Amino acid sequence: MRFGGLPRGLRTGLRWKLSAAIALVSALVALVLSLVVHNAARVTMLDNARDVQDERLQIAQRYYESSRQVRLGARIDDSDLPPELKAKVSNGRRATYVQVKGNSVPDIWAAMPMKDGRILSLHTRFTDRSTTVMKDLDQALVIGSIAVVFGGCALGVLVGGQLSRRLRKAASAANLVAAGESNVRVRDAIGGVVRDETDDLAHAVDAMADALKQRYEAERRVTADIAHELRTPVTGLLTAAELLPPGRPTELVRDRAQAMRTLVEDVLEVARLDGASERAELQDINLGEFITRRVASAFPDVEVQVVHESEVTTDPRRLERVVGNLLANAAKHGKAPIQISVEGRVIRVRDHGTGFPEELLAEGPSRFRTGSSDRAGHGHGLGLTIAAGQARVLGARLTFRNVGPELGEGPAEGAVAVLWLPEHAPTNTGSFPMLFPPKK
């Protein structure tokens, strides 16, 4: 299921994933080592207890053989003697045995055969001191395991945080490259002295960006060269068409020649805008008055509304080009009434047609792509591309959206293009605009 264009799911950072992984591994290692140490210590202490019990049994044997008295807690033919130990002693062997009953403290047995055929045995419980030592050892192992887990988490946060920061810097730099900042280098953005896989990724992204930039620049130069070479013959064709005798065929030739000339000029303009070398010639203008005057002369049927007048510093020629292309697109592909409003530094152009194509809303204007047949079945797709390019030179932001019924159900009921003029110069193209006094 998708929500808001993004896949639903829990998004976690690399730092916490590494921390969780290291903490889990640390916990497993600490658990295994604790069990090994606990069992090894228990076995060692039981072996020591059996050795002590065996020595005591030998001392009790000497007492019994010399004085016929049982000492040190020894017994003759003890009825509680474990069967396993009794079987070993019956074979004429001296032996020790550890008897465990449930979760109770182990019993330490030692037994040996006597010359008279009877069995001498000793039976004691595992010493309280040994039990206390084991409890202290278990407590120390638990504390040590917790410390290892927290230390692993801290190490994961440290290592993961450093790697995550480098990846975030690389992603930010890559986004700048994607936005057109050709001077940004991902490797320089991540910095650092230590070289790891992140540097390999950065070098790969930089190499890809350089290759794409070279290919894009080559395509732009070819497009500009072709359009430039076509300008002269198209101009000659248009001049020759003016010399033809009046008539319907002449009108068709002139119309097609003029359309070809307009296309060539638009392609040249797009090539210049793609080169990022355009400069804005800034002037102070009253935005509402400027839009009202320009729209009235070029698009008399468009409704103009000035909600809030403001004085802005911009390039009037480029602003007129942007607004003119937006209105021409609305008139060509939308439906009346066409409205334009000015509110502070924001200009909105709306029509009541079928709305913008989904591809344009998702990816923005693209040259030679006109969208669906409902709204843009003819044309070259350069009008909005030029408008977006000129807006970038002005440092403005141009957005597109559709106006539809409530809850987003049903077809669109109009398209809205919004131009957000910047508050300060220079523009975001990286060039410094040329300032000129306002024309009188």
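Two residues are said to be in contact when their heavy atoms lie within 4.5 Å. Leaving aside neighbours within four places in sequence, Ser-121 is in contact with Leu-57, Ala-74, Arg-75, Asp-78, Leu-81, Trp-109, Ala-110 and Ala-111. The structure is a predicted model, in which local features need pLDDT of at least 70, side-chain atom pairs count only at pLDDT 80 or more, and totals for chains, interfaces and linings use all residues. Residues are numbered from 1 along each chain as its sequence is written, and side-chain values use heavy atoms, with hydrogens and water left out.

Confidence comes next. The protein averages a pLDDT (the predictor's confidence in each residue, from 0 to 100) of 76, and 77% of the residues score at least 70. Over residues 1–10 the pLDDT is below 50, and this stretch has four contacts in the model beyond near neighbours in sequence. Residues 371–379 also have a pLDDT under 50; for them the model has 22 contacts beyond four places in sequence. Where pLDDT is low, the predicted coordinates should not be read in detail.

Back at Ser-121, this residue lies in strand E6, residues 119–125. Helices (H or I, at least four residues) and strands (E, at least two) are DSSP runs, numbered from the N terminus. Ser-121 is buried, with a relative accessible area of 1%; buried means under 20% relative accessible area, exposed over 50%, and partly exposed in between, using a 1.4 Å probe and protein chains only. Leu-85 is 36 residues away from Ser-121 along the chain, and their C-alpha atoms are separated by 9.9 Å.

Not counting residues up to four places away in sequence, Ser-341 touches Gln-305, Val-346, Ile-347 and Arg-348.

Helix H11 runs over residues 383–394. Just after H11, Gly-395 takes a positive phi of about 75°.

Notes: The expected span of a helix is 1.5 Å times one less than its number of residues.
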